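Hi,

Here's the structure I promised to pass along. Have a look at it first, and my notes follow below.

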Amino acid sequence: MSSIRHLIDIKDFSSDEISDLISVANDIIDNPKKYSKKCDGKILATLFFEPSTRTRLSFESAMLRLGGQVLGFSEASSTSTSKGESLSDTITVIGGYSDLIAMRHPKEGAPMVASRNSIVPIINAGDGGHNHPTQTLTDLFTISREKGRLDNLTIGLCGDLKFGRTVHSLITALSRYDNIKFVLISPDELKLPDYIKDEILDRNNIEYVETYDIEEYMSSLDVLYMTRVQKERFFNEADYLRLKDYFILNNDKLKNAKSDLCIMHPLPRVSEIATEVDKDPRAKYFLQASNGVYIRMALILKLLEVK
Ligand code: CP
């Protein structure tokens with residue numbers, strides 16, 4: 001059996017391991033020079049079969065800041081996949097060119113399939129509407145820095161809870177901490193899938209409520225995690241157009257929110273947070289995006305077993 005560690009699902013890491021990653025990421029922020037040559041001679045491959053700005057570029061920035069190098073692609077159409085090469089063959093070949101692979105793929109489960117034959121660690125950088133574990137590490141790191149804890153929190157998740165892979169991974173991760181409550185804010189058509197309610201929330205006795213009113217529980221929230229309606233996962237454009245502006249967070253809707261509310265969004269934003277909110281000191285979504293570099297640096301060090 002292979003001893004290579006991959007990150008396919010956030011559950012691949014224990015809470016202790018996540019805690020260690022957060023500690024290292026905090027240390028990287030405080031002492032960047034200490035880490036600037038840690039990955040000298042190492043190569044990260046970024047294989048993005050779907051569009052990305054933050055995930056791909058923050059991985060690249062992370063590896064470059066560690067003194068390593070990066071290769072990869074951001075469009076499947078420019079690769080031999082377009083000639084019919086299998087994912088498995090692509091991964092076998094790129095395993096010979098790199099020490100670590102971060103991949104995003106539209107098909108759910110593709111990174112897990114890739115990891116089965118890979119001779120280097122595989123990181124799931126988002127698979128369809130399924131999971132996005134490195135976004136979750138970014139989110140946990142941000143919550144930990146902003147709130148000083150990952151337990152005893154009431155978290156509102158708003159928007160596309162059906163197709164939003166960041167939401168699925170974040171609920172899975174947070175459900176392991178004590179006294180977590182969720183407020184699930186979505187229209188009926190975009191509710192959290194039953195399998196997550198059954199397998200994660202109910203199985204772990206996590207308290208949650210569902211609502212379609214963003215203001216109903218606003219005053220109780222410690223964190224408000226907004227999400228975009230995932231246009232690319234809809235089969236029918238009319239449904240997307242009907243739902244895309246269902247929730248728009250603005251200053252008025254925040255009038256009853258706590259003074260230390262942490263407003264997050266994995267980004268990209270479309271219209272679900274009015275730009276007037278950007279000036280609110282509780283808006284943490286751009287900081288969250290930059291935190292992604294440091295936690296991914298910690299992840300690269302872990303998977304490459306760099307001390
Ligand atoms: N949050 C996130 O995954 O952003 P990108 O799609 O730009 O990578």
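The ligand shell takes at least three residues from each of domain 1 (10-131 + 292-303) and domain 2 (134-289); those bounds come from an automatic or database domain assignment. Before you dig in: this is a predicted model, where local features need pLDDT of at least 70, side-chain atom pairs count only at pLDDT 80 or more, and totals for chains, interfaces and linings use all residues. Numbering runs from 1 along each chain as its sequence is written, and side-chain values use heavy atoms, with hydrogens and water left out.

So who surrounds the ligand? Ser-52, Thr-53, Arg-54, Thr-55, Arg-104, His-132, Gln-135, Pro-266 and Leu-267 do, near meaning a heavy atom within 4 Å. By class that shell is 2 nonpolar, 5 polar and 2 charged residues (Ala, Val, Leu, Ile, Met, Phe, Trp, Tyr, Cys and Pro count as nonpolar, Asp, Glu, Lys and Arg as charged, the others, Gly among them, as polar).

Now the close pairs. An N or O atom in the Thr-55 side chain is 2.7 Å from a ligand oxygen, and a polar side-chain atom of Arg-54 sits 2.9 Å from an oxygen of the ligand. On the backbone side, an N or O atom of Pro-266 lies 2.9 Å from a ligand nitrogen. The ligand has 260 Å² of accessible area on its own, and the protein covers 91% of that (Shrake-Rupley, 1.4 Å probe).

Between them, 30 residues of domain 1 are in contact with 26 of domain 2, with contact meaning heavy atoms within 4.5 Å.

Cheers

Conventions. A polar contact is a pair of N or O atoms within 3.5 Å; within protein, one must be able to donate a hydrogen and the other to accept it, and residues adjacent in sequence count only if both atoms are side-chain atoms.
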